Amino acid sequence: MGKLTSFRSLLLMLLTVATTKGINRISTDGKCGPTIPLSDSKPTECDPSGSTPCCSGNQCVAVGEDLSECLCDGCVDYRLVEQARNSADSCAIIEFNTFLKRICYDEESSTLNFRCADSELSYKTIKGSEDLIEFSNTCTEVPMNYQACGLVDNIDMSMSSDNTVGTACGWHVCTITDNGESTITAKEHLCDGTQTLKSVVCDGKCDTERCVDESLCHDLRYGMNCRDTVNRHVYLPVEKICDGSSDCVNDGDDCTVTSDTQSCTHYLKNHLIVPIHNYTRCAIFDLDGTFPKAPYCADFMDQTNCTDVCRVGGFCEVNGFKSSISKTMVCGGNKQLCDDNSENSCIDASSSCRVHKHKLCDRHGDCIDGSDETHDDCKAMTKEHRCVRRFGVMTEKHEPGLCLSRRSERIPQSWIMDGEKDCEDGSDEDGTRWEFCKVGNILKDEGEPCKDGFLCPKSKTYVNFDLVCESKESCGLDGKENEICTISRDILPKDTTVEERSGLIKQLCNETDSNNCQVKDFNYPKYNIFGVIKVQLNISTRTVDCSNKFGEHYVYLSCMGLCENTSCPLKNEILKNGSCSNLELVKVFTLANNSELTFVNKSEGRYHNDFYECDNGRCVNFSQVCDLVNDCGDMSDELNCKNHFPCEDDDTSFVGINQTCDGIYDCLDLSDECNDKCGRRIIDNGSWLTPFCWLIGILAVMLNICTLVILPRALKQCRNENILFSKVLVMLISVGDLLMGIYLIALSVYDDIILGQSFCRKQAEWYTGTQCSVLGVISTIGSQLSLFSMTVLSIFRLCKVLMNALPLPVSRNSIIKAIIWAVIIILISLALAVIPLIPSKLLEEYFVQGIHYDPKYKVFVGFNSKQKHIKILEKYYENKTLTTDSSWSEIGTLVDGMFSTEYANLTRNKVHFYGNDGLCLFKYIIRGDDARRGREATGTSTIDLYNDPVVWAILTVNLVCFVGILISAVVICMKTRQSANLAGQKKNKAARKRNRSLEIRILAIVVTDFLCWVPFIIICFLHNRRFLDASKWYQALALVVLPLNSLINPLIYDRTITQFCKMKMDNFTEAWGSGGTPSETEGNVSPSNGNRRQDFQLKQTATQSTNAQYPP
């Protein structure tokens, strides 16, 4: 039956439209209504979009924005009719004086009715004389008397939940019977009259028609009580006193002006001069309020010298005399009392709160949203200086009649010497007591030195660093300060809103997962709101990782239970009508769960309540929840989120959880990369490399020290220059290998003992400091000294073999020649190690890795490469174009232009050549966590690296050295065999053994050099050409492969150590073989021991003899 009725209604509507098609229903002569019928007998209508949309008394009349103005008996508001017609069932949800109402238009009867919020019951509403509202029916299903809302003047709705009995907006819908006739109307008290509303007494505004609620406050009377002409007790507000009308018997209002009384012109009767009484002073008035009330005096002098200290708003000079003025006059707009108009020095602390500037930062919340205490001025307060402010100093306590005494408070530094007297004693404008820093005219903190500041790019004004890179633009709307900070921190774009498709369906499903997607209602918080259609989500049924989801994406997924290990950040509570103080201007009120008054907002053609209520009473959209920005101001919109990491140095700064432990620094204190999950040491945490580093370092030092102790004695026994030259080069190899061992031990000491886990936080000091530079120089000298000496030694041996010349005896010239070659090799190695550290504008273009700035700069975070500088500077200077060819000197000059440098309390340090990694090695491979790395827009990590010609030059030189060693070794082996054959040594076992030993040593030289350098060079090439990522092998290559020669070289290039070790091993074996112990045997000098020492000396002599032809 219901479906049939609906069908008939739809059919009737279609027939009506068809019948009336082509008929101009809009009045052309201003006449309207059923008495002016059209050809189809329907009433002529008013233009809903014109200036006269209301049909009243058969005339189209003009009405204001208040829709209740067209609620008279027989009136039709065609603005509402049009909205109803545009709906499918001729019923529409509309905003009626900031309340959601449902209206329906019956085309057949041409009537417009309201419909109850939770039923199909319709009712007409008529606004009669004296604004009395009458209803044709009562919506009994809604116990909150919601149908009266928007139709009558409302009390402060933020108080209605506490101060009314069962009402949504302070009124009751009652049935009144008078002479047998029943009338349904709105009443300000219970229908039985037993309880009235609890008025807001002495709150500084008139809540009743005659302002009786403000007539007796703090035991002081405002206005007067008297008996009227019919002997009734009446209350006269101040505007009625001395107005020339007889309101009281016997003229109870004394209006005689004498020479002893202060007088003024009456506000409403400007031809009357009236006396100012105590009971007319500082009375509440509000010309634009719900109950308009005028002041007593036309010049507002009745608002001076308040008897009630709790009504004092401030102090100023009025007509040259110091006087108090009332709170009503403070922020009164175009009303002025003070000579300097200081009572109107007011600001918009937020969109919903305007206060006098002296109420800012006074430790007393005057704004519901707390914005008066979080204003930008509050960030920089005087430290020592306190004073009594001229305005906003009287604050009422909770106990009636008691006011706080005037107290001294610190004041914002921005008030100092600003040309406006803020302190009652004028101390804020006393130029003799204040000192300003030269830069930007910034006030110098008491007892603190002057500090530099950030220069706003367009306004060219300086701001304190404490205000830089916060969520607000300290430089104003054109400052672009936060855009610069976004670039410096590599903050990736975040998608915080969900795209809508097919009406209200929000698309959260990926195309790749479309088979698992369903359309579901978003039912959180779990309550129904009149006039709001629930959002629908096209969403996957599978859980996902929400660490990279933000705003609406995070809210919808987490509250639908589809985020892994994440709970919903929303509060499952109804938004009270007094919530969200920052949205007062856009609130539209409605019912929640048919039992509580709440509010919604309209956007994109629909009403919604997608709000998150902050702990401080403000509200933000879902897109601002869990978006890494402190939108609430108290961080409550981010605290319950699992997708962020809070920086430790600033509890208001957040980075995405996927931005932590990625090697890129986002927090000023580096805490996003230095924490319990990813704190790193010089040598990777938990790595097997640490013991290897210790072991290789200690063995390299011991073996090479032994070589350096033994070789000088061998040098004295040299009889020809070939052996001398070989021994000198072997000593250089040992020195280089000893330096590598020292480097490994020193690095292990810093890693294990000195820095340990603190390295991560102190890495800036390490990368830019002397210790890392020294270790880098030591390791580079060691590796290059050893390699170059091996190369020269191999080429020298090759030349001697090819020349086949008899060795010359040692002479002074041969000694000088050996020394010169040694000095050349040392100087070349030293130059390669030290040149990258020489302070030079030319050299720094090749060797400076980046710059680390003092965290106080705030604009720069971590270790900034040249590419990062270019991005920041191009944004700051806008029209400036830079390239990687721009010099560090030019970049430094441009950076100086971003800040003041007056006081030199900002420091910056260059990341030196060896500071590319904690190991402080020559920059062959850039690690994945290199300090200079950036983050691309795709979210993947990339290396900001251009091909370094110096690195490639050194790698090429090292490769050439290896090729030289290899060629020399092969030719020496071939020549040795050829010489043996020519000398007929094939049958000489001793000669064959000696030649085989030489070939094995040459093979060992080639193999160890190959294992150390060739794979390393190949890997460097493939890594830097992006064919593979070798960063994970970096430390193993640096601490194990490269130092390998430091262990093996002492055993290959000089046989003294091996022979010595062999002799000790033979002693050990012989002692155990004879049945004794080593200690017993070592104490006895047996003939065999003596013979073994003689054999060892003979072998040394034989070796020297052989080396005369083929130096070892």
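C139 counts as buried, at 7% relative accessibility; buried means under 20% relative accessible area, exposed over 50%, and partly exposed in between, with a 1.4 Å probe and protein chains only. I start with this cysteine and then go through its partner and a few others.

First, the ground rules. This is a predicted model, in which local features need pLDDT of at least 70 and side-chain atom pairs count only at pLDDT 80 or more, while totals for chains, interfaces and linings use all residues. Residues are numbered from 1 along each chain as its sequence is written, and side-chain values use heavy atoms, with hydrogens and water left out.

What does C139 pair with? C139 forms a disulfide with C116, and the two sulfur atoms are 1.9 Å apart. A disulfide here is a pair of cysteine sulfur atoms within 2.5 Å. The link of C116 and C139 is left-handed, with -85° about the S-S bond. C116 sits in the loop between strand 8 (111-115) and strand 9 (122-123), and C139 in the loop between strand 11 (133-135) and helix 3 (160-163), so this pair ties together parts that are 23 residues apart in sequence. Helices (H or I, at least four residues) and strands (E, at least two) are DSSP runs, numbered from the N terminus. C116 is buried as well, its relative accessible area being 1%.

Next pair. C387 and C423 form a disulfide with their sulfur atoms 1.9 Å apart. Why is this disulfide left-handed? Because the torsion about the S-S bond of C387 and C423 is about -65°. C387 belongs to strand 24 (residues 381-387), whereas C423 is in the loop between strand 25 (409-412) and strand 26 (454-455), so the pair ties together parts that are 36 residues apart in sequence. As for accessibility, C387 counts as buried at 2%, and C423 is buried with a relative accessible area of 0%.

Now a right-handed case. The link of C509 and C517 is right-handed, with 45° about the S-S bond. The sulfur atoms of this disulfide are 1.3 Å apart. Are C509 and C517 buried or exposed? Both are buried.

C693 is buried, with a relative accessible area of 0%. C706 is partly exposed, with a relative accessible area of 39%.

How many disulfides does the structure hold? The count is 24. Among them are the links C116 to C139, C387 to C423 and C509 to C517. That is my list for today.
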